[in-house]
Amino acid sequence: MAFGKKQVPISSKNSMAARNAHAKAREQFKTYDTSAIQPKASKAPIVICAIVVVAVIVGAFFALRGCTADAETLPEGQEAVVTIQQGQGAKEIANELLEARIIGNADKFVDLVNRNSAAASLIPGTYLFHGGMSQEDVLKALTAGPESTADTVTIPEGLTREGVAQLIQEGTAGRISEGAFLDATADAAVYDGEFALVDGAGDNSLEGFLFPKTYAITATDGAPEVARMMLQQFADETVELDWNYPEERGLTPYEAIILASIVEKEGTPDNFATVASVFYNRLASDRPYLESDATTAYEVGHDPSPEEVHADTPYSTYTNEGLPPTPICNPSLAALKAVCSPEETDYLFFYFDPDGAYSFSETYDEHQAAFS
């Protein structure tokens, strides 16, 4: 090779033979099976997509669960008694607390119990809870056990004010005497400014407003505080009642409570709505006498005689048209609902036999036949 002569790479010599050789090679390469030497497609994108989808679904589930609107809970200043039974699990306890409006979300409370591994540490018993407590405070109370500083007193449906006073005295071991409670509930006007519901009662007693419930009475509660507990409970329990029906029939809310107290004494929860219809029909008739023995029984304090029910006294609904002056007991929510939404009937009479079976009649002759 001589110096000074320019070297030309063989590949750059674009001879006819070279072009033919390259063309032939390309044609042959087209027929080769190259799958064995192709790189494998990775499954990683599919796996990643699946993980992302699952994560989105799980996240959405918990987000929706977390966004579920909480129910309204007791406001501060109010109290509720909850009894946890032996053997109840976290979910059952959460439902009890939700019903009593101590917590606003049962699922969140169960989650809290599980996060704290506290399911086995929830102690049965009767608890006094206060409005405004956090779920953490509620859980702490349930794992600490019930306090013994509150007396629990259960007021049954249909009890008179005197009967309530007796139970308060017994339940507080005499700390709140029967006389003190009767004094504290003697004049509804005392609570007029605090509770609009007693406006129509004037200076009558709180008969009718001492709501049947279980109450926790602490050492600092006196008779007026207990009376306020019961008035507040009445207000809370009846807040959704629709008083339109009795008002359309010419009754004030207070008069509707009077009627509910009579329905409570004369009927049973199964037939309150039918009994209410009978009394409404009697009030609307040409002879608007309720003819309820229960009103006279309230006045005389025992099962009345025929002479007593026909005596000319304020609570005789045989000699006086319309309603008696006041409620004759403290009615249940079921009786109040029946008066606000009675059954539509043409019944004017009812009779219940010694076994408690009721029969309803539209005419006096049918009524006579029922017990003859």
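This is a predicted model: local features need pLDDT of at least 70, side-chain atom pairs count only at pLDDT 80 or more; totals for chains, interfaces and linings use all residues.
Helix 10 has another partner to look at, helix 14. Here the axes come within 8 Å and cross at roughly 120°. That makes helix 10 oblique to helix 14 as well, and this crossing too is right-handed. Helix 10 brings Ala256, Ile257, Leu259, Ala260, Val263 and Glu264 to the contact, while helix 14 brings Ala335, Leu336 and Val339. The class count for this pair is eight nonpolar, one charged and no polar.

What about helix 14 itself? It runs over residues 333-340, and its Ala335, Leu336, Ala338, Val339 and Cys340 are buried. The buried residues of helix 14 pack against helix 8, helix 9 (244-248), helix 10 (253-266) and helix 11 (272-283). Helix 8, one of those neighbours, spans residues 223-237 and holds Gln233. With a relative accessible area of 16%, Gln233 falls under the 20% cut-off, so it is buried. Leaving aside residues up to four places away in sequence, Gln233 touches Phe211, Lys213 and Tyr215.

Zooming out, the protein chain has 15 helices and six strands. Of its 372 residues, 35% count as buried. The chain exposes about 21300 Å², with carbon and sulfur atoms supplying 54% of that area. Now take the contacts in the chain with a separation of 6 or more: residues 24 or more positions apart account for 62% of them.

A couple of loop residues deserve a look for their backbone angles. Ser117 has a phi near 50°, which is a positive value in a residue other than glycine. It is found in the loop between helix 4 (106-115) and strand 2 (125-130). Is Ser117 buried or exposed? Its relative accessible area is 63%, and anything over 50% counts as exposed, so Ser117 is exposed. Ala173 also has a positive phi without being glycine, with a value near 55°. Its place is in the loop between helix 6 (161-171) and helix 7 (178-184). At 74% relative accessibility, Ala173 counts as exposed.

Back in helix 4, there is Asn114. Its relative accessibility of 45% lies between the 20% and 50% cut-offs, so Asn114 counts as partly exposed. Asn114 and Ala90 are 24 residues apart in sequence, and their C-alpha atoms are 8.7 Å apart in space.

Conventions: Residues are numbered from 1 along each chain as its sequence is written. Side-chain values use heavy atoms; hydrogens and water are left out. Helices (H or I, at least four residues) and strands (E, at least two) are DSSP runs, numbered from the N terminus. Buried means under 20% relative accessible area, exposed over 50%, partly exposed in between (1.4 Å probe, protein chains only). Contact means heavy atoms within 4.5 Å. Accessible areas come from the Shrake-Rupley method with a 1.4 Å probe; for residues, only the protein chains shown count as cover. Axes are lines fitted to C-alpha atoms, for helices over the stretch in contact, and angles run from 0 to 180 degrees between N-to-C directions. Angles under 35 degrees count as roughly parallel, over 145 as roughly antiparallel, 65 to 115 as roughly perpendicular and the rest as oblique. A crossing is left-handed if the near helix is turned anticlockwise from the far one by less than a right angle, and right-handed if clockwise. Ala, Val, Leu, Ile, Met, Phe, Trp, Tyr, Cys and Pro count as nonpolar, Asp, Glu, Lys and Arg as charged, and the others, Gly among them, as polar.
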